[in-house]
Amino acid sequence: MLRVMPDSLADLPGSDSIDRALAEIEDRGYTILENVIDEDQLDAITEALDRIEREHGIQPAGNEFEGHQTVRIYNLLAHGDPFTAIPIHASLLPVVEGVLDPGCLVSSLSSIAIGPGESAQPIHADDQIIGLARPHAPVVCNSMWAITDFTEENGATRIVPGSHKASACPEYGISGIESIPAEMKRGSILVWNGSLWHGGGANQTNERRIGIAMNYCAGFIRQQENQQLGIPRDLAATFPERLQRLIGYGVYRHLIGHIDKRDPIELLGVEGGIKSIWDL
Ligand SMILES: O=C(O)CCC(=O)C(=O)O
């Protein structure tokens, strides 16, 4: 059986490990950042997800894509801490900025708890719906945080190495696509080019496989979840500035996203927004 076994990135110095992660994503479409999430952060996320699911009575969506035994919680930034630390994680964000560019955005932040008995999700690409000829430069960069261990048995994300370079997307629902499980320990993060073919695995255990899907997109395309309307503005005003810009209170390359030539970060009470491209 094929297993995903990247060498550890954790023991390499910062920029070397980023370069290596970027080289792996360029070459095979994905990398695994091993053991990069603090234990306290993992515990806080686990507790918060349990609480939100209980308080909001969240149930599986009950369709083939989102799953029949899988609980997903969307728009996590609207719940504030501990989710606000996720998009700006120090080991992850530089890699994403390398795949896209520093003007990238949070596309969506959700949890995916694959329950016992769930079957495999259809293999897909996260940028499948975007009508660009393939292969193309990355416009989506996704990541999956392992809040529990990810094993082949419990539904680790299945990936098709190299498929980000394919000239087509997988036909929806087709079976027989050869894939491998992205096995990783709790506390690791799988990062992939949004063109990579992948899908959640089947869970044949009695335990949930819990992941956080931290999805980013290029600063010049529309975010999957509308962060500016989905997160109350008074809550967004309390976020660190980097996160405010990541959720869309900013201007891409001094142009895209401006409001009457002003930087939308000023709506959050931040002074000295960036100048428009015409005034540079
Ligand atoms: O849960 C997973 O491992 C992957 C889920 C996924 O790819 C999706 O829902 O788009």
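**Entry 1: model and domains.** I am working from a predicted model. I looked up the domain assignment of the protein chain, which gives domain 1 as residues 14-218 and domain 2 as residues 225-280. I then took the distance between the C-alpha centres of domain 1 and domain 2, which is 26 Å.

**Entry 2: area between the domains.** I asked how many residues of domain 1 are in contact with domain 2. I found 19 residues of domain 1 in contact with 16 residues of domain 2. The area buried between domain 1 and domain 2 comes to about 1400 Å². Carbon and sulfur atoms give 59% of that area. Within domain 1, I noted Asn75, Leu77 and Ile88 as the residues that lose the most area to domain 2. Together these three account for 31% of what the domain 1 side buries.

**Entry 3: polar and charged pairs across the interface.** I counted 2 salt bridges between domain 1 and domain 2. I also looked at the pair Asp101 and Arg253, which form a salt bridge with their closest N and O atoms 3.4 Å apart. For polar contacts across the interface of domain 1 and domain 2, I have 9 residue pairs, with both residues at pLDDT 80 or more.

Next I checked which elements of domain 1 touch domain 2. Both α3 (93-99) and β3 (105-114) supply at least two residues each to that side of domain 1. The most comes from β3, with 5 residues. Sorted by class, the side of domain 1 that touches domain 2 has 11 nonpolar, 6 polar and 2 charged residues.

**Entry 4: around the ligand.** I listed the residues around the ligand: Phe65, Arg72, Ile112, Ile114, Gln121, His124, Asp126, Met144, Thr157, His198, Gly200 and Arg209. I then looked up polar side-chain atoms against oxygen atoms of the ligand, starting with Gln121, where the distance is 2.9 Å. For His198, a polar side-chain atom is likewise 2.9 Å from a ligand oxygen atom. For Arg209, I read 2.7 Å between a polar side-chain atom and an oxygen atom of the ligand.

**Entry 5: salt bridges in the whole structure.** My search of the whole structure found 15 salt bridges. I picked out the one formed by Arg28 and Glu24, whose closest N and O atoms are 3.2 Å apart. Why are Arg28 and Glu24 separated by about one helical turn? Because they are 4 residues apart in helix α1 (residues 14-28).

Notes: Residues numbered from 1 in each chain as written. Predicted model: local features only at pLDDT ≥ 70, side-chain atom pairs only at ≥ 80, totals over all residues. Heavy atoms only, no water. Domains from an automatic or database assignment. Contact = heavy atoms within 4.5 Å. Buried area = accessible area lost by both parts, 1.4 Å probe. Salt bridge = Lys/Arg side-chain N within 4 Å of Asp/Glu carboxyl O. Polar contact = N/O pair within 3.5 Å; in protein donor to acceptor, adjacent residues only side chain to side chain. Nonpolar A, V, L, I, M, F, W, Y, C, P; charged D, E, K, R; others polar. Near = heavy atom within 4 Å.
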